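Student: I'd like a close look at a single part of this model. Please keep it brisk and give the cut-offs.

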Amino acid sequence: MRLSSILVIAATFLISAAMCLMAARFAVTAIEDSSRTAVRDTLDQNDMVWAEVDANGLQVFLAGTAPSEAVRFKALSVAGTVVDAARVIDQMLVADSENVAPPRFSIEILRNDSGISLIGLVPAATDRDALMEEITDVADGAAASDLLESADYPQPEAWEEALEYAVDSLKLLPRAKISVDAERVLITAMVDSEAAKRQLEIDLARTAPTDIRLALDISAPRPVITPFALRFLIEDGQARFDACAADTEEARDRILTAAGRAGLAEKTECVIGLGVPSPKWGEAVEMAIGALAELGNGSLTFSDADISLIAATGTSEAQFDEVVGRLETSLPEVFALHAVLPKPENQETIKPEFTATLSPEGLVQIRGRVASELARETVDSFAKARFTSDAVHTTARVVEGLPRDWSLRVLTGVEALSYLSNGSVMVKPDEVTVNGNTGRKDANAMISSFLSDKLGEGEQFSIDVTYKEELDPIASLPTPDECEADIAEILTERKINFEPGSSRLDAAGVEIMDDIATILKECGDIRMEIGGHTDSQGREIMNQNLSQERAQAVLNELRKRRVLTSSFTAKGYGESQPIADNDTEEGREANRRIEFRLIRPKPVKEEQTTLESLEEPREEGDDQAQQGQEDTSDEQN
């Protein structure tokens, strides 16, 4: 091989090697630049502008001074999200901590029958030997455990004073937890009675240092009250408690507030104790005090769940029945009420009464006397069945000694009330009285027949019921012609308009539809056509379709307003029925309209039946025969 060939081959290999080397250098530089830039941008986005980033091949170097060890570690973690964490070389420093705040010094002192334990962190300057010597003396032979840690930091200014007060207080507390720091002492303890609690709070507050905040959480077991009793009286307008008990602070506040409304002026203590017969004690007492205040004078006594209410002599019996009946039906379960109305001497016995009233709004009030709790529940359920559950309010009072047929008479009275639109029924042992208004023309006859049937012959009852047309659900309905006229009057004053070339109503049209819907809801089931009309502009077929769409849109608006439209039709007439000249703007405006028209039945032409057609010739023949007989008779004469 010639020398020149060898040189050519060698030169080719050398040039290739140089090009590969240059490509490799460019690749390494690109990798380094991209890694450096990506890590740098990510650290900047995480507010780590202090960090310095460099790259050498695949390795990424982090340098700079981190504010803290946690920030340094975060920088490493952030860089590891950009490149492989194994490629990140940590060359960062951490800034020296200056002016580090001292730790919070505190001690928890726990004392019980087993001894005293100290847990917490104290300054190194604290004389722990002297402290434990004092604790041992207070423990009086019981175990004293030192579980304290210390730290060499400056001692807070009030630390020694607070710690000394805590140890001195421990002498008064056989069972307690005392939390001590340089600013506050919290004492949590339990004593045997409410009196001991008050005395301990006074003693601890008196010896507390002025520079230390004192927090006390002293508890005493509630006394067991048996029976759980309360007695409240109102005499000559003056209210007072002879005894007051409550199960919670909330119940106590409710009771005292109710007593204040009833006239209690002097400050009264209400003992909070255990043994309450029901969690609703406060609610029951509040109701009973309110009832006694409504009566004006009397006494109220609670003994567990038994309630005794004695009204003052001379209290109106009707008022007494109403107030007591309302209280009986409102009291929570468990509580039983015994109410007494003392009668003056030589007073005639008042006949029992039962009254049921129906207001024009449909509210039913039942009050008076019933024979038993079962009878009251029966009357209440019967009334709710005849009217509505939410409308019936029963405050009838259970009374013994009523006539045997009293429950029958009461239920008969409630039934009679259902015939009225508003009014009242009063039941007495010898008479039933019905008064009020009705929208039924035959109500008097129906009530009379009903009472005669239920009460029996010879029983007295009086009916004073007035028929009023405006209460008659049928007579008060407008006629179809009146409905049509009322809608026409609205459309005369205001016009249903649509957006140009559209079947969408404008804002004014929506308000008009509300008024028309109100009228139609009172009209009942009537047949009506909604007609749509347009002017003559545009093609006839387009006007026809647009008028149909607009009529249908009006019908849909009525349906949205819950109008019964099953007998309504929507029909578009297009430009076929103008009412004005289409050559003027005013005329075209008038022709673009919506009309409501009644669909009246067409008159039926009477057609002659087959039987009638057969009978007619016979009748004419009979007439001719009769005429012939008359002529023959004349000739003979």
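In what order do the three strands of the open sheet stand, and which kind of pairing do they show?

Tutor: The order is β27-β26-β28, and the pairing is mixed. Strands here are DSSP runs of E, at least two residues long; helices are runs of H or I, at least four; both are numbered from the N terminus. Two strands count as paired if DSSP finds at least two bridges between them. β27 (568–574) and β28 (593–598) stand at the edges, each with a single partner strand, so one side of each has no neighbour in the sheet. Neighbouring strands are turned by 25° against each other on average, direction ignored.

Before going on, the ground rules. This is a predicted model: local features need pLDDT of at least 70, side-chain atom pairs count only at pLDDT 80 or more, and totals for chains, interfaces and linings use all residues. Numbering starts from 1 along each chain as its sequence is written, and side-chain values use heavy atoms, with hydrogens and water left out.

Now the β26–β27 pair. Strand β26 (residues 528–533) runs parallel to β27, and six bridges join them.

α14 (residues 540–560) lies across β26, β27 and β28, at about 155° to β27. Axes are lines fitted to C-alpha atoms, for helices over the stretch in contact, and angles run from 0 to 180 degrees between N-to-C directions. Contact means heavy atoms within 4.5 Å.

For comparison, take another helix, α6 (residues 249–261). At 1.5 Å a residue, its 13 residues should span 18 Å, and its end C-alpha atoms are 18 Å apart, which agrees. The expected span is 1.5 Å times one less than the number of residues. Ala251, Ile255, Ala258 and Ala259 are buried in α6. They cover an arc of only 100° around the axis, which puts them on the same side of α6. That arc is taken from the directions from the helix axis to the C-beta atoms. On the other side, Glu249, Glu250 and Arg261 are exposed. Buried means under 20% relative accessible area, exposed over 50%, and partly exposed in between (1.4 Å probe, protein chains only). The buried residues of α6 pack against β12 (229–235), β13 (238–243), β14 (245–246) and α7 (281–295). After α6 comes Gly263, with a positive phi near 115°.

Last, the whole protein. It has 16 helices and 28 strands. Buried residues make up 36% of its 637 residues.
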